Amino acid sequence: MSLWLRRIILIVLFTTTLGVVSVYAYYHQEDYEDVSEYINLRDQSDDYDQLFDNHNFKTFTIEFTQTTFDQMIANMQAHFDIYGDYVDNTMYPVNLIYTDADESFTVKEIGFRTRSSTSRNLPRTLDWRDRYVYHQTSFQLQFNETFDYADTTNIYQILKTREVFNLEQLNFEYSQIYDGDYDEAMISEAFAHYLYERAGLIVANASYGLVYLKIGETIVSYGFFTIIEPIDSEFIKNNFNSDKGLNYGDLYKVTDIMTEGDLRTDYEEYIGVDTDTYRFTYSLRNNTLDGTRMTHEGFASFINHLNDSDYFSQYYDDIIDSDLLARYLAIAFLIGNTDDIRYNFNNYYLYFDIYTNRVTLIPFDLDSSLGFGKHLDLSGGYGVDYDIYFNLDDASPLITDFFSVPELRNLYEGYLSQFIDGFFDYQEFLTMYLDAKSLYENVLVNDHHLGNKIFDTRNSEWYFTEKSINVISQLQ
Amino acid sequence: MKKLLVVSLVILSLFLTGCDFLNQTSEETTSTISTVYPTYTEFPTTSPPATVDDVAYETLFDDSIYKKFIISFSEANFLKLIDDMENYFDEFGSYRDNTIQEVDVTYIDDRGNILVLNEVGFRTKGNIFSRVLPVIKEGNNIVGYQQVAFQLEFNDTFDYPVNSTEYSSLKSRDAFDLEQLNFKNIRSSDFGVVTESIAYDFYREAGVVTSNTSYAIVYFDIEGTVVPYGLFLLQEPIDDVFIERYFGKNQDGSIGDLYKCTWQTEPASLKNDYEAYSLGVSDYNEGYRRSYALKTNENVAYPDFSSFTDFIDIVNQTTVSDYYSLVSSTLVMDAFARAMAMGFLIGSPDDFRSNANNYYLYFNNNHVYYIPFDMDNSLGWGWNPYEDFGISLDIDSVQPSNYSWYGSVNDFVLVYNLFESADFKDLYNGYLNQFTATDGEFSYQTYFDEFMLIRSLYRAELDEFEHLGLRTFNLDTRWMPASSYISQKKAEVQDQLSGLGY
């Protein structure tokens, strides 16, 4: 080979090597960010409608790396070992593959955490022969989670403002077992949300779908889940008016986590902004001033007025949206969930209007409804023969005040009658049930999903019938 | 050459490591007894994949459905089961150890249902005489297996901490709409086979609340060693689930007090002179069981026994003018009369009326309900203290089966005093008459049909795999053929009733 030929070959080799190295270095330099794949450019309103369309077959595949999933299990177990529960709210990065009848898309690097306080499960355990056992648990996807990214990075800015389905978060509820049984009707919680909506209430949207976990290369058919819109700042924006500065009023989540959420005057030590380790019965969810907010004037005023029954009887419509409250109490009684404000001082939000401080009550957590689940009537009768007003001697002042005003009582009775004549109807329930069954049952069985797979109307026809008969009887 | 040497060294080290691992495993499973098992016919050990998540209660107790259970033990757990029972024997002189061991369970039926339940509780069952080791031993060696009754607990939580996912997952689990299921081996010389299940069926057809029953063939799989364990009676346990199924729950979700009444510390005669230790909550770690053992509402610091003691007070007021009315104020008399009548026909000498044994009392809302159980000595088979299987007994009196234990028939305080009452005898005799009528509930045809059904479903498999326990199905070579017993008993009862004007 001639000298020139060798030189040419060497030069070509050198140049090629240099090019390859340069390209490699370019794409691997530390500050290079190709963040376009994290941006959600989809039509969010359309996606929201698709998400909550019960006729739309939906699956959610949540991809974990094996390491991430193992770490989540280890962290939850460590929390249990210290505190005796699995309430570890650490967010773990996952990818979401959403599929419905028409399309499929992937959202990368969203946050995943398990939810609930008392019913939170470890998603995976080992049994007596060291076999993996997977367990359903409720969880939340957070689409705007920023993990440990520095706030100066592009990816942080993109993730911080990212929404999917027009939501910042999405909740997934599994069907729990009560008294050894699943809710084989499957759609009860979603139907309860639907009934609230039909009653004219402001309530979270709900639907259902199938969930798969992809952990490394392992796919777990995780079961049928009710998907529920979170009640958060986005929800408030979508359902209430703001002032000219686009500010909204205060939103409190009320649960019995510290004490009963009975709205009595001894609330002061139970109100505040939740931290990672401390959760309040009256938990402020917005306008928190980055967690520093100490005053709750609007709430205090509401409590004072509520605990003055004379004042309430004169000015009730200034204090609370009484028409919505009457509608709420009527449909809640028909649905028969006793883990609520009337029977258990639990599970509702209070939204205070930005201008008037007038309160709107927003119910949540409706999994024990329509003749299934945890109920104060433990005989198996699910309270079908309960008194239509209330049956506690120490009911919340909101309840006693309401029913002591004749006009409100009449309004409530009218709504009971109207709802029974209208949409509180087993056939409506059956229609939604049959739609869901036709969409999901075969897949649940064929893919060996966790949780209940075979649909059954259980006692639902009996419940609708008996409840309606009893209410009508009392109204007469 | 060097490469070859290096490769050889790696292989050698891996080999040695493997040997070390095997040695460690062996040490972990070392037990006081030998693990040399006798050879049995190989049966497919790998369970087929599950087709269902649960099977209905009605399916389990449908006798026309063929059912098979494969109980899978780890070798270590099977050995621990034996160890625990032997340790109990060393301490208390019987094998009545109730320590729960983990097993996996596969249920298969001829309707295509395959149910796989992992991590299920297993314990043996039976009394002082009937509870034996599940193995036959010579010295420390296992040389064979033998049948023993056992119980599966589908909701046992083992040692998992309360509130853990494992705990709540297992605690909330049921199968066949049951939390537990009893397996009772069939007495090997009762070639009629179906005696006990028919006795339960007779009671139920008579309107008495008691256990549902059926049959299944059972295999033990001890890490690949398969033991064809025989035909077993499936018996619905009488527990809180049973109470909720048949009696329902109160408005506040509570249920009443259930007492298991058996001849343990003394005969369960309901006399008011019982020893204090005979009433309470049985704890097998004490080495004995109480004659009146509270079975529900017992897991509290101070169990309330007042429902029982109040009843004892009433039952023992024998000098009142109207004993029947007094007792009827609390005892559900119609059901009790039905039970006494059908019990008399079934003829178990080990029941409440004959031996102050083998019944439950359920107390709720000031009512007491009598629930009989354990009927393997019945219908002309088994213990025969009356020598004619009780065929010629007087229909309306108390005749103890074991006189040596009783001072007088007055010791059977409840039954004796009720039979002094014309009102009770009217009620009771009416039911005797009904049950023994031509188309009455006490029918040999029921026995015969069940026998033919169970034989057709299980006999071939019992023979093919040389199952333990009963394999002979023969109605004629039974101690007393059931057909003879039932026809003679009916004739005798009808004869006595006719003497009373029926």
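1. Helix α5 of chain A, residues 188-198, is mostly covered, since 9 of its 11 residues are buried (20 or more other C-beta atoms within 10 Å of the residue's own, with C-beta atoms placed from the backbone; helices are DSSP runs of H or I of at least four residues and strands runs of E of at least two, numbered from the N terminus). The buried residues of α5(A) run from A:Ser188 and A:Glu189 through A:Ala190, A:Phe191, A:Ala192, A:His193, A:Tyr194 and A:Leu195 to A:Tyr196. Just after α5(A), A:Gly200 adopts a positive phi of about 90 degrees.

2. The model is predicted: local features need pLDDT of at least 70 and side-chain atom pairs count only at pLDDT 80 or more, while totals for chains, interfaces and linings use all residues. Residues are numbered from 1 along each chain as its sequence is written, and chains are lettered from A and ligands numbered from 1 in the order in which they are written.

3. Chain B contains 14 helices and 14 strands. Its radius of gyration (over C-alpha atoms) is 26 Å, close to the 23 Å from the globule rule (2.2 Å times the number of residues to the power 0.38) for 502 residues, so chain B is as compact as a globular protein of that length. Of these 502 residues, 42% count as buried.

4. The contact (C-beta atoms, placed from the backbone, within 7 Å) takes 17 residues from chain A and 18 residues from chain B. On the side of chain B that touches chain A, α4(B) gives the most, with 3 residues.

Key. Contact = placed C-beta atoms within 7 Å. Buried ≥ 20, exposed ≤ 12 C-beta atoms within 10 Å, placed from the backbone.
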